[in-house]
Amino acid sequence: MINTQNFIITIACACACMTAVGSAATVNADQAEKRASELLKQMTLEEKIDYIGGLGISIRAIPRLGIPEIVMSDGPMGCRCYGKAAAFPAGIALAATWNRTMADEIGIALGRECRARGVHIILAPAVNIYRSPLCGRNFEYMGEDPYLASHMVVPLIDGVQSQEVLTTIKHFACNNQEWDRNGISSEVDERTLNEIYFTAFRAAVQKGKSRCLMISYNLVNGVHSSENDYLMNQTLKRDWGFGGIIMSDWWSTYNGVNAANAGLDLEMPNGDYMNQKNLLPAIKDGLVKESTIDEKVTRILRTIIKAGFLDRPQTLSNIPLDDPKSDDAALKGARESIVLLKNDHKVLPLNRRKIKSIAVLGPNAYPAVYCGGGSAYTTTFKSVSILEGIKSVAGKGVDVYTPLQDLGFVKCKMEVFNNKELSGEPVKVSDVEHINNIWTTVAPEGLASPANFSVRWTGKIHPDKAGKYRLNTRYDDGIRVWLDGKLILDDWTDHLVRSTDEAMELEARDYDVKVEYYQGGGEAIIAFQWKPYVTPEEEMRDLKKYDAVVYCAGFNNTTEGEGFDRPFELPKAQVEYISALSKVHPKVIVTLNTGGGVAWAGWLDRVPAVMQTWYSGQEIGRAAAEIIFGDVNPSGKLPATFEKRAEDNPSFPYYSIKTNKKTPYTEGIFGGYRGYDKNKVEPQFCFGYGLSYTTFEFSNLKIKKTGTGDARNIIVTCDVMNTGERAGMEVAQLYLGDVKCSVPRPVRELKGFDKVSLNPGETKPVSFTLTKEDLSFFDVKTHKWVAEPGRFKVWVGSSSRDIPLHGGFEW
Ligand code: BGC
């Protein structure tokens, strides 16, 4: 029998959908409130409780009420959960552009990627403060400074939400390390929370109007974030007026009653705790009020109704899945994100008229290392490695050599099986030339999901001449390799990524190769490669003949990512190689794929040029090559201080304290550059630092006051001139210091920045407006922001330590 009510709703919805496709179907606040309360009235208590427990990576549908499933995807690098997608510069790389318009453009592109895939809510951006270089997820975040992070995240949110896709600002709060992230308590005082760790979240919620927020894994001051009344009820809902959805991080809810009462609206990925079993008796016993459940349901409904999700389909089929607009945005972002750290004797840019040959080396040269690991990892349709970028950008006259390439197969059949045992008929058979796959998020063709499958390759390799060759593998999970019928590698177990690198003598003839692989869960990686063997000495000797050498160093998605912290030191083999290389070649250019600072000892002073390429997204290699050859003038600036030694970092003595399950933030507000200034420690590369191929001069600082009372503004203006010979972009940075205050304050703090584009000889004015908010500190006695009267100092310049203009004003 047809349920007539259902039928009518379905028809009505379908009609609305058809007319509203592509239009701004957002609903005004009053209407949304009314519709939410009408729907709520029709829901049973059981239905309401079910609704506040997620469904994998969705909010469940209630078909009888015409409420559709609300689909989420992870970010922040890309819309990664539904097959291949574009990977944009990671959060820290985007912050390094110091370009608000760029953040907006990337946001729009990310929003379009979501619409193309029918995604309503993206689990991004992420703005946990970079406290220590070790945190595995720094690459996803926006650096050490709350002002910079706030000013970059708001336009990013605007961009995404302009496409009628909702953002989820995450992870609130103080998920500043991955070490023991589910068990550790971040112990932070109220002032530090408000001045440093909350700021970008507050901006995201109040200025950016991010409609969703994700709570962190860690505890804050002894209480799980998902049960933290101070974080959710008091700060977000009461003090900041957040009207959207607070969701848990995945499996980070531990007690349904506590979570419900503390303000959690949606338990993800399932209602393991906020469910009928726990909440129905609790409501009956008066431990949880029914109105508390109603409030959560109302928040979810109000948010999705307001976004128009009940009135139109989310998928826009006129946006291609592989969208050229995304590629453009990713390239523009990557170009501005790369920071030139060192450029002695102007080794860069390379002059195509003089450089006729270039060697590209290092583990990160190919394939592209464009993303860190974990839930941000996005499998792309295409990506450009630094090697590929250099090959395409260098031009015809430049010989590009690399020892890295895989000689591949003469012929090879690939069979994919939908089980881990290679049993039964393969679901897909195809011919391939190389084995080099990451199937973590995108399953091989023929399979629905990237877990519990196996693959067999059967083929021939053919050395052209007899001699010594290297055979490399990389795999997660199991692998078996046969050469001419002989089993030469057998590691058929579940494990994290492993690799092998063997030398062997081969004759000039065909060899049969069989590789078998299975994937259980988690990362799905498999590579089998072979190439001529050269000793490091031979390789070094050969490298002398190249006009320039690019060494691509750093971590990758298996050595820097979610769920673990990384070492401060680069892998030892890389440091040794760079150091040896520097002895045979004077022009070694190092590119660095990291989410933050590393140890520099033993290599930095031996090479003339270093470029910080972060995880700058799928176009990383093209952007890096354009900078290397001077087609693009670098303009990225560090969003975090890079220390000389690990122990110089202000958080060093307290970070990841392995006892008592606590990580005390004893450095307080003096983290990042605020700490280096206070402790009078010279960083290796200071916050805001980044070189250009041209030079800039700052002049003509003027400070004037406007308005009265609390509405007083301080207008700071100056001129920036390009005094060099190339067009370029400079970031004018304004720092502010409170000369005398009743509480300790940083020597100076970033309170304004503007990126200007200047032709040679051109001058442009820059203007900053300082408000009471910019002058204030968080007063723990009154729990309010206070700007104390007195003198303030102002500095303007090109980094936190190159600030040639200074002045001041009375407040
Ligand atoms: C991460 C979140 C992510 C979620 C869903 C968690 O492990 O911390 O950032 O959004 O997984 O994949």
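Helix 5 and helix 13 are roughly antiparallel to each other, a label given to angles over 145 degrees, with under 35 counted as roughly parallel, 65 to 115 as roughly perpendicular and the rest as oblique. This is a predicted model, in which local features need pLDDT of at least 70 and side-chain atom pairs count only at pLDDT 80 or more, while totals for chains, interfaces and linings use all residues. Residues are numbered from 1 along each chain as its sequence is written, and side-chain values use heavy atoms, leaving out hydrogens and water.

**Helix pairs**

Two packed helices are described by the angle between their axes and the distance between the axes. Axes are lines fitted to C-alpha atoms, for helices over the stretch in contact, and angles run from 0 to 180 degrees between N-to-C directions. Helices (H or I, at least four residues) and strands (E, at least two) are DSSP runs numbered from the N terminus.

Helix 5 (residues 100-116) and helix 13 (residues 324-337) cross at roughly 150°, and their axes come within 9 Å. The crossing of helix 5 and helix 13 is left-handed, meaning that the near helix is turned anticlockwise from the far one by less than a right angle; clockwise is right-handed. Residues of helix 5 in this contact (heavy atoms within 4.5 Å) include M102, I106 and A109, and those of helix 13 include K325, A329 and E336. By class, the contact of helix 5 with helix 13 has four nonpolar, two polar and six charged residues. Here Ala, Val, Leu, Ile, Met, Phe, Trp, Tyr, Cys and Pro count as nonpolar, Asp, Glu, Lys and Arg as charged, and the others, Gly among them, as polar.

Helix 14 (residues 386-394) packs against helix 17 (residues 620-628) at an angle of about 50°, with axes 7 Å apart. Helix 14 is therefore oblique to helix 17, and their crossing is right-handed.

**Ligand surroundings**

The table gives polar contacts, pairs of N or O atoms within 3.5 Å.

| Residue (polar side-chain atom) | Distance to a ligand oxygen atom |
|---|---|
| K170 | 2.9 Å |
| H171 | 2.7 Å |
| Y217 | 2.7 Å |

**Backbone features**

K170 and H171 are joined by a cis peptide bond with omega of about -5°, and H171 lies in strand 4 (residues 166-172). The peptide bond from D476 to D477 is also cis, with omega near 20°; D477 is in the loop between strand 17 (467-476) and strand 18 (479-483).

Note on methods. A polar contact is a pair of N or O atoms within 3.5 Å; within protein, one must be able to donate a hydrogen and the other to accept it, and residues adjacent in sequence count only if both atoms are side-chain atoms.
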